[in-house]
Amino acid sequence: MAMMQVHFYSKSLRREVTFNALIPLDKFEIPGQAIAEKKTMKALYLLNGYSGSCMDWISYTRIRELSNNHQIAVFMPSGENHFYVDDPSKGELFGEYVGNELVAFTREMFPLSVRREDTFIGGLSMGGYGAIRNGLKYAGNFSKIMAFSSAILPYQIAGAAEDYRDGVADYNYFTRVFGDLNQLLGSDKDPEALILNLKRSNEEIPRIYMACGTEDFLLDVNQKFHNFLVSENVEISYTESPGAHTWDFWNVYLEKAILWALDDEK
């Protein structure tokens, strides 16, 4: 299992960025044992939550073990509290970065499959929203989306007044990240709109896996998006179980989601 940190210049963000990578290429070889034929790897792009960094998944979960056990490459960029959406006014295109540029760059750097069917995106909380938003916006790149305790905030902040404040941030922050909140619904930052656009254009919608704890403060928005997907006959694997907005919960469902994503092989 090779673990590395990569620094490169991102055209989408117009500066040097950092991501962590897990590449299960190096294996201990036992004398006399047949060596398996090398083949290109499936890839998972994992997004961190609010106030986190590219170190979170490595620090708090079993992702290194899971990457090795299931022979899947894992890439972990930093979201920098931008919810993985684009800000053209600042020239910071976080959606383009994780949804397109990072995929292309890692495919050039590592022996990855270029097939959509072998490419997945996932995340927790802010990163869960980012995985849903960019998995749908860049549906040509990703076949499956894994979303844990997703912060699907358009349901909460669309049309919010200037005195809006929740337990994390306020109106000024949300307008800096999402733009005009009165224009949020129906935009490319609205997961429901992205689903409807894919259906209208007859494009294949990525399969979606969602998990949220019954004590999680984001349970209501996860339920609402799940109900929307069901109403639109979109394939969804959805789980609620006891748990809060914690690494204990995400660590359990990370493995379940990876097994779900790889189930087509069985």
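## Salt bridges in a predicted model

Both Lys 42 and Asp 118 are buried, a term that stands for under 20% relative accessible area, whereas exposed stands for over 50% and partly exposed for values in between (1.4 Å probe, protein chains only). This is a predicted model, in which local features need pLDDT of at least 70 and side-chain atom pairs count only at pLDDT 80 or more, while totals for chains, interfaces and linings use all residues. Residues are numbered from 1 along each chain as its sequence is written, and side-chain values use heavy atoms, with hydrogens and water left out.

A search of the whole structure finds 13 salt bridges, each being a side-chain nitrogen of Lys or Arg within 4 Å of a carboxyl oxygen of Asp or Glu. Three of these pairs are set out below.

| Pair | N to O distance |
|---|---|
| Lys 42 and Asp 118 | 2.6 Å |
| Glu 255 and Arg 62 | 2.9 Å |
| Arg 165 and Asp 170 | 3.7 Å |

Glu 255 is partly exposed, with a relative accessible area of 26%, and Arg 62 is partly exposed at 29% relative accessibility. Arg 165, by contrast, is exposed, with a relative accessible area of 61%.
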